[in-house]
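Dear colleague,

I am handing over the structure below, together with notes on what was found in it. Please read the notes with the model open beside you.

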Amino acid sequence: TGSGSLSHAILRTIAPTGHLHTVEFHQQRAEKAAEEFKEHRVGHLVTVRNQDVCKDGFGVTGVADAVFLDIPSPWEAVRHAKTAMKKQG
């Protein structure tokens, strides 16, 4: 999630029918991002999770059309990204 800039850009693209699942390692940042999404009236389009994607995955299975890994060691999350991805379409 980071600063939320990319998430906001993605949300503008997928609105009004899509849904973004974003994961932030730092709890305070995840909470702040969730607040900002609500303030910007896009909270209904996003689920924010606080976890380590390299160890715990993304918290979803077979729902993602795409996965963006903006993390220090993206190769450590690839197997979890595969689980998050849709099998078809």
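A polar contact is here a pair of N or O atoms within 3.5 Å, where, within protein, one atom must be able to donate a hydrogen and the other to accept it, and where residues adjacent in sequence count only if both atoms are side-chain atoms. With that in mind, the backbone oxygen of Gly57 lies 2.7 Å from a polar atom of the side chain of Gln51.

Two remarks on provenance come next. This is a predicted model, in which local features need pLDDT of at least 70 and side-chain atom pairs count only at pLDDT 80 or more, while totals for chains, interfaces and linings use all residues. Residues are numbered from 1 along each chain as its sequence is written, and side-chain values use heavy atoms, with hydrogens and water left out.

Helices (H or I, at least four residues) and strands (E, at least two) are DSSP runs, numbered from the N terminus. Gln51 sits in the loop between strand S2 and helix H3, the latter covering residues 53-56. If contact is taken to mean heavy atoms within 4.5 Å, then Gln51, leaving aside its neighbours within four places in sequence, is in contact with Val23, Glu24, Phe25, Asp56, Gly57, Phe58 and Gly59.

The β-α-β unit

S1, H2 and S2 make a right-handed β-α-β unit; right-handed is used in the sense that, with the strands pointing away from the viewer, the path from the first strand over the helix to the second runs clockwise. S1 and S2 run parallel and are joined by five bridges, two strands being counted as paired if DSSP finds at least two bridges between them. Within this pairing, His21 stands opposite Thr47 of S2, and the bridge partner of Val23 in S2 is Arg49.

For accessibility, buried means under 20% relative accessible area and exposed over 50%, with partly exposed in between (1.4 Å probe, protein chains only). Four of the five residues of S1 are buried, so this strand is largely enclosed by the rest of the structure. Val23, which is found in S1, is buried, with a relative accessible area of 15%. Not counting residues up to four places away in sequence, Val23 touches Thr1, Arg49, Gln51, Val53 and Phe58, whereas its C-alpha atom is separated by 16 Å from that of Gly62, 39 residues apart along the chain.

Helix H2, residues 27-39, has 13 residues and reaches 18 Å from its first C-alpha to its last, close to the 18 Å expected at 1.5 Å a residue; the expected span is 1.5 Å times one less than the number of residues. Its buried residues are Arg29, Ala30, Ala33, Glu36 and Phe37. They cover an arc of only 125° around the axis, which puts them on the same side of H2, the arc being that of the directions from the helix axis to the C-beta atoms. These buried residues pack against helix H1 (5-14), strand S1 (20-24) and strand S2 (46-50), while on the other side of H2 Gln27, Gln28, Lys38 and Glu39 are exposed.

Loops and backbone

Arg41 lies in the loop between H2 and S2 and has a positive phi of about 60° although it is not a glycine. With a relative accessible area of 72%, Arg41 is exposed. In the loop between H1 and S1 lies Pro16, and the peptide bond from Ala15 to Pro16 is cis, with omega near 5°.

Around helix H4

His80 lies in helix H4 and is buried, with a relative accessible area of 13%. A polar contact of 3.5 Å joins the side chains of His80 and Arg79. Residues up to four places away in sequence again being left out, His80 touches Val53, Cys54, Lys55, Asp56, Gly57 and Phe58.

Thr61, by contrast, counts as exposed at 61% relative accessibility, and is placed in the loop between H3 and helix H4 (78-84). Leaving aside its neighbours within four places in sequence, Thr61 is in contact with Thr83 and Ala84. Thr61 and Met85 are 24 residues apart in sequence and 6.8 Å apart in space, C-alpha to C-alpha.

With kind regards
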